[in-house]
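I opened this model to look up its helices, its cores and a few single residues. My notes are below.

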Amino acid sequence: MRHRTAWQALGQNPLKVLGSSWPWRSLAYLLSGVVSGSVITVVLVLMLAAGLVGLVVLVGAVVLVGVVLSGVAVTRFERWRLRLVDLDPVPDPHRAPERPGLVGWVRTRLLEPATWRELGFTAVSATALWWMDLLVLCFALGLPISVMTSPIDDPGAWPLVIVGLCLLAAAPYTITAWAGARAAVTRLMLAPRDSELGRELTDVRASRARLVDAFDAERRRIERDLHDGAQQRLVSLNVLLGLARLDAEPDSPLAGQLAQAQEQVTLAVEELRELSRGVHPKALTDQGLEAAVGNLAARSALPVTVDIRLPHRMPVSVETTAYFVIAEALTNAVKHSRAVRVEVHARLHTDVLTLTVVDDGVGGAEHRAGNGSGLIGLADRVAAADGRLRLSSPPGGPTSLHVELPCR
């Protein structure tokens, strides 16, 4: 599994952390933070002093406006630098200027909440963050080196070399942990707020939810039409063929043809029943998620342990999404993972439905995401329900699919 942040990388095997690029990326992140932070602090202090002194001739007002807008440039650099330890880019919260030209740009930026939040981040960075970066580097690297070089003046203190080596071995974890925490704080402060993304984001989310609901409603209608229409007619035809066989002479050609026709109709009914289950299972509508997943497990080619305990029925959209997540996970386990067994768990925590599907197969599911495994479509469906999907599938297994779906 490819980790997206330094903080996530710490969750893997400690030896794998040492062998990865994350400690070096984290070191570069902190070193660049110390250098840029010290430079920015000096420049801002000089600009602030010049602006206050220049107020007597009104020129200082322009300099002070530059101090306010400095956060825009500083945080743009911070977003670029953040990619060292967080591979997901932070969107720019600023909107396009309402008027062309420098005056229009300055006016728009001064009226944006994001500009003042970025100024606050710049102040915090100048007064605290880069100092903490320096402190962590001194503790993680400076202290071990200082301890290791102590025997130079006192040969009898050679055991301190061993102590220093032990401290130095822990340095990659200390540096990566602080870099991950600092990056999380930076992302929290610089990420756009929903109000800054505008009504477009709200409209897109609402439109996406309406499309999902309409799609699910259409699936239910098709399933109902298949079950109440074509399937019932085929069942009636099967009964009529059975009655015709009773009227035909035993062992006659007509009786044989009727038997073959009845067999084909029976197969058609079973295929239609499977098709209707794939479109939208009737058990899900009538009995809920637990019964529908139980039917899935009973038809699965692998032994499936189902542990679903829900206090009440979930909203229709949540149940539908959860069902197809589990169905796709079982299909992947059968087709790709070479698993021996699968476990399905579901619980309701406050207003969030939590699903976990685990198989003991060969793993590597994320490498098959674009090769017809259905994982991309699954992730899109979960995202459309404002849910979260996490996949852990290291080579050699096991594969664990964890999904959280809000029920509000």
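These entries go from the whole chain to single residues.

**Ground rules.** I am working with a predicted model, where local features need pLDDT of at least 70, side-chain atom pairs count only at pLDDT 80 or more, and totals for chains, interfaces and linings use all residues. Residues are numbered from 1 along each chain as its sequence is written, and side-chain values use heavy atoms, with hydrogens and water left out.

**Whole chain.** I found 14 helices and 5 strands. These are DSSP runs numbered from the N terminus: helices are H or I with at least four residues, strands E with at least two. Of the 408 residues, 39% are buried. Buried means under 20% relative accessible area, exposed over 50%, partly exposed in between (1.4 Å probe, protein chains only). The chain exposes about 22,700 Å², and carbon and sulfur atoms supply 65% of that. Areas come from the Shrake-Rupley method with a 1.4 Å probe; for residues, only the protein chains shown count as cover. I also looked at contacts, meaning heavy atoms within 4.5 Å. Among those with a separation of 6 or more, 70% join residues 24 or more positions apart.

**UniProt record.** The unreviewed entry carries the annotation "transmembrane region" for residues 27–49, 55–74, 119–145 and 157–179. Positions follow the numbering used here, feature names are shortened, and annotations may be inferred rather than shown by experiment. I checked two of the spans in the model. Residues 55–74 are 80% helix and 0% strand, with end C-alpha atoms 24 Å apart. Residues 119–145 are 100% helix and 0% strand, and their end C-alpha atoms lie 37 Å apart.

**Helix H7.** H7 covers residues 159–190; at 1.5 Å a residue its 32 residues should span 46 Å, and the end C-alpha atoms are 46 Å apart, so the two agree. The expected span is 1.5 Å times one less than the number of residues. H7 still bends by about 35° at Ala171, and Pro172 follows within four residues. I take the bend as the angle between axes fitted to the seven residues ending there and the seven starting there. Buried residues of H7 include Gly164, Ala171, Pro172, Trp178 and Leu190. The buried residues of H7 pack against H1, H2, H3, H4 and H6.

**Largest nonpolar core.** A nonpolar core is a set of buried Ala, Val, Leu, Ile, Met, Phe, Trp, Tyr and Cys residues joined through side-chain atoms within 4.5 Å. Which residues touch the most other members of the largest one? They are Tyr323, Ile326, Leu353, Leu355, Leu401 and Leu405, out of 37 residues. Elements giving two or more residues include H11, H12, H13, E2, E3 and E5. H13 gives the most, with 10 residues. Ile326 touches Val293, Leu296, Val344, Leu355 and Val357, not counting residues up to four places away in sequence. Another core, of 24 residues, lies apart from this one and has Leu30, Val34, Val85 and Ala191 among its members.

**Helix H13.** Its 22 residues should span 32 Å; the end C-alpha atoms are 30 Å apart, which agrees. Just after H13, Arg338 takes a positive phi of about 55°.

**Single residues.** Is Thr354 buried or exposed? Thr354 is buried, because its relative accessible area is 14%. Thr354 is in strand E3. Its contacts, leaving out residues up to four places away in sequence, include His345, Arg347, His402 and Glu404. Leu87 sits in the loop between H4 and H5. Leu87 is buried at 13% relative accessible area. Leu87 and Ala6 are 81 residues apart in sequence but 9.1 Å apart in space, C-alpha to C-alpha.
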